Amino acid sequence: MLEHLSIQQRFRLLLVVSLACFALCGVIVFRTLAEIRVNGPIYERIMQGQDLVADILPPPAYLMESYLIALQLNDADAAHTAPLLQRMRMAEQTYQQRHRYWLAQGLSGELEEKFLKQSHQLAESFYATAFAQLAPALQAGDDAAARRVLSQLGAIYEQQRLVIDRVVALARARMAADEVAARERIQLMAWTLAVMFALIVGVFILIFNTVRRSIADPILDALKITQSVASGDWNQQIRADARGDAGRLLHAVRDIVKNTQAEIVKAEKMAALGSLVAGVSHELNTPVGNGLMAVSTLSEDLRSFRGKMQQGLKRSVLDEFLHSVETGADLAMRNLQRAAELVTSFKQVAADRTSSQRRRFLLHQVAHETQLTLHPMLKRANCTVVVDVPQTLQLDSFPGPLGQVIANLIENAARHGLEGSGGVITLSARPATDTTLTISVSDRGKGIAAELHQHVFEPFYTTRLGQGGSGLGLHIAHNIVYQILGGSMELTSAAGSGARFDVTIPLIAP
Ligand SMILES: Nc1ncnc2c1ncn2[C@@H]1O[C@H](COP(=O)(O)OP(=O)(O)OP(=O)(O)O)[C@@H](O)[C@H]1O
Ligand SMILES: [Mg+2]
């Protein structure tokens with residue numbers, strides 16, 4: 001997912017993600033501390049509960065003080081009535097002030113109903129009764145009325161006290177609940193912090209790994225490839241899917257490898273051409289030279305025969321001449337034939353795609369046809385070929401050159417591996433991948449020593465010099481496999497334990 005970003009952008013992303021993670025952690029810690037700190041919302045609520053209890057227990061929430069003043073008023077003489085009434089007014093004012101304060105505190109539920117409504121109504125009616133009825137009755141000296149009003153006030157005071165008892169119980173319950181809630185909240189926050197931290201660390205590690213992989217892997221790949229190439233292995237598979245800067249590095253390495261490889265192939269071809277020309281001249285030199293010598297001996301013989309004929313033709317001279325013509329012509333013929341054979345082989349070395357026919361064919365058909373063509377040679381060498389090729393293997397390739405590769409390998413197995421003493425040669429084929437197959441030719445003959453493996457594919461390398469071997473068979477097969485069929489060839493063998501040639505080619509030739 002990061003392929004389209006450059007290395008710089010990836011590092012920037014990593015930095016931004018880390019900063020964001022730390023900022024998020026900071027915000028959570030700050031918010032938790034702000035909530036539970038002294039004077040924070042949780043603290044305030046608990047303090048409010050304590051305030052509430054502290055405020056309502058003594059007057060003025062209780063009408064106790066005002067009721068005591070009312071009782072004193074009843075017993076007081078005229079001189080003390082006014083100051084007592086004044087104290088009751090003060091008590092009412094204090095009460096109203098506190099009531100307004102609590103109205104603004106946003107109490108709710110039963111607490112609001114009991115404390116701000118029921119208790120308040122009773123307090124209002126207490127003061128209204130006290131000022132509107134008790135004071136005039138006392139001023140008028142109406143003792144009976146005053147006692148009546150006083151007992152009314154007593155009843156109101158009792159009622160309000162009951163309501164306030166309930167309010168105190170409610171306030172205490174709320175405080176306890178607030179404390180539990182605060183504890184739970186702090187616990188929840190601690191957990192949230194821990195989970196958030198784990199999450200952030202996880203995301204951080206994930207992103208870090210992704211960035212590391214997307215940067216480090218292509219570089220390590222490139223390193224591996226350059227090291228392999230440096231140690232001489234050119235056939236390194238290079239991942240072509242890497243994108244971004246690292247991908248570009250990998251592609252650049254691949255291009256260097258390809259270009260260098262192409263240069264080396266070119267140089268090798270030039271060198272091969274040079275040695276081929278040298279080989280060709282050397283190989284042709286013998287038969288052409290022999291042929292030339294035979295023909296020149298013939299012409300020499302002819303001239304001396306003509307001289308002898310002018311002195312009169314003797315039978316013995318004629319016989320001698322005929323014999324030398326026969327030998328000379330035979331020698332010239334054989335050497336010219338050898339030269340012609342060599343020229344045919346040379347032509348095959350340069351076999352290319354344009355001169356070969358491409359078509360769809362069944363591999364087992366080509367295998368059987370090749371076996372048939374080789375039948376006389378195999379019979380002479382006392383060899384049998386076991387063909388193990390599935391009937392279904394179909395190719396879109398060059399059947400002619402492929403048949404020639406198979407023929408060269410079977411011929412070598414019979415001639416060199418089994419050395420004419422006979423035996424079994426196996427020709428088998430198996431799919432290698434979805435798009436390639438491997439054809440194997442193996443024998444249980446004398447095998448090829450490991451140090452000779454790199455030489456057997458060279459042109460003119462043969463261990464049967466002067467016995468019909470030109471050393472071109474494997475070189476031709478190699479050329480066909482790599483240049484026409486687009487495949488590869490591998491030799492597995494050790495001296496004394498037979499040889500196996502594996503030819504791996506694409507089902508559809510390039
Ligand atoms: N199956 C095999 N077992 C043992 N040696 C082998 C086998 N195949 C090839 N060789 C060795 O590899 C050499 C090169 O083989 P190549 O086919 O190129 O040339 P050649 O068979 O000698 O000559 P040509 O094929 O041109 O007639 C052979 O001379 C032989 O020594
Ligand atoms: Mg050969």
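The exercises that follow concern a predicted model.

**Exercise 1. The chain as a whole**

Task: State how many helices and strands the chain has, and describe its burial, its contacts and its surface.

Solution. 
Step 1. Begin with the secondary structure: the chain contains 12 helices and 7 strands.
Step 2. Turn to burial. The chain has 510 residues, of which 40% count as buried.
Step 3. Consider the contacts between residues at least 6 apart in sequence: 73% of them join residues at least 24 apart.
Step 4. Finish with the surface. The chain exposes about 29800 Å², and carbon and sulfur atoms supply 59% of this area.

**Exercise 2. The surroundings of ligand 1**

Task: Determine how many residues surround ligand 1 and which are the closest. Then describe the contacts of ligand 1 with asparagine 412, aspartate 443 and glycine 473.

Solution. 
Step 1. Ligand 1 is surrounded by 18 residues. The closest are Asn412, His416, Thr462, Thr463 and Ser470.
Step 2. In the side chain of asparagine 412, an N or O atom is 2.7 Å from an oxygen atom of ligand 1.
Step 3. For aspartate 443, a polar side-chain atom lies 3.0 Å from a nitrogen atom of the ligand.
Step 4. With glycine 473 the backbone takes part: one of its polar atoms is 3.2 Å from an oxygen atom of ligand 1.
Step 5. Ligand 1 on its own has 600 Å² of accessible area, and the protein covers 93% of it.

**Exercise 3. Asparagine 412**

Task: Locate asparagine 412 in the secondary structure, decide whether asparagine 412 is buried or exposed, and name residues that it touches.

Solution. 
Step 1. Asparagine 412 belongs to helix 11, which spans residues 399-417.
Step 2. The relative accessible area of asparagine 412 is 18%. Buried means under 20%, so asparagine 412 is buried.
Step 3. Leaving aside residues up to four places away in sequence, asparagine 412 touches Gly417 and Leu474.

**Exercise 4. Salt bridges within helices**

Task: State how many salt bridges are counted. Then examine the pairs aspartate 319 and arginine 315, aspartate 330 and arginine 334, and arginine 415 and glutamate 411.

Solution. 
Step 1. The count comes to 13 salt bridges.
Step 2. Aspartate 319 and arginine 315 join their side chains in a salt bridge, with an N to O distance of 4.0 Å. These two residues are 4 apart in helix 8 (residues 315-349), so about one helical turn separates them. Aspartate 319 is partly exposed, at 40% relative accessible area, whereas arginine 315 is exposed, at 63%.
Step 3. Between aspartate 330 and arginine 334 there is a salt bridge whose closest N and O atoms are 3.5 Å apart. About one helical turn separates aspartate 330 from arginine 334, because they are 4 residues apart in helix 8. Aspartate 330 is partly exposed at 41% relative accessibility, and arginine 334 is partly exposed at 48%.
Step 4. The side chains of arginine 415 and glutamate 411 form a salt bridge of 2.9 Å, N to O. Both residues lie in helix 11 and are 4 residues apart, about one turn of the helix. Arginine 415 has a relative accessible area of 33% and is partly exposed; glutamate 411, at 24%, also counts as partly exposed.
Step 5. Salt bridges may also share partners: in this way Glu158, Arg161 and Asp165 are joined into one network.

Definitions and conventions: Residues are numbered from 1 along each chain as its sequence is written. Chains are lettered from A and ligands numbered from 1 in the order in which they are written. This is a predicted model: local features need pLDDT of at least 70, side-chain atom pairs count only at pLDDT 80 or more; totals for chains, interfaces and linings use all residues. Side-chain values use heavy atoms; hydrogens and water are left out. A residue is near a molecule or strand if one of its heavy atoms lies within 4 Å of it. A polar contact is a pair of N or O atoms within 3.5 Å; within protein, one must be able to donate a hydrogen and the other to accept it, and residues adjacent in sequence count only if both atoms are side-chain atoms. Accessible areas come from the Shrake-Rupley method with a 1.4 Å probe; for residues, only the protein chains shown count as cover. Buried means under 20% relative accessible area, exposed over 50%, partly exposed in between (1.4 Å probe, protein chains only). Contact means heavy atoms within 4.5 Å.
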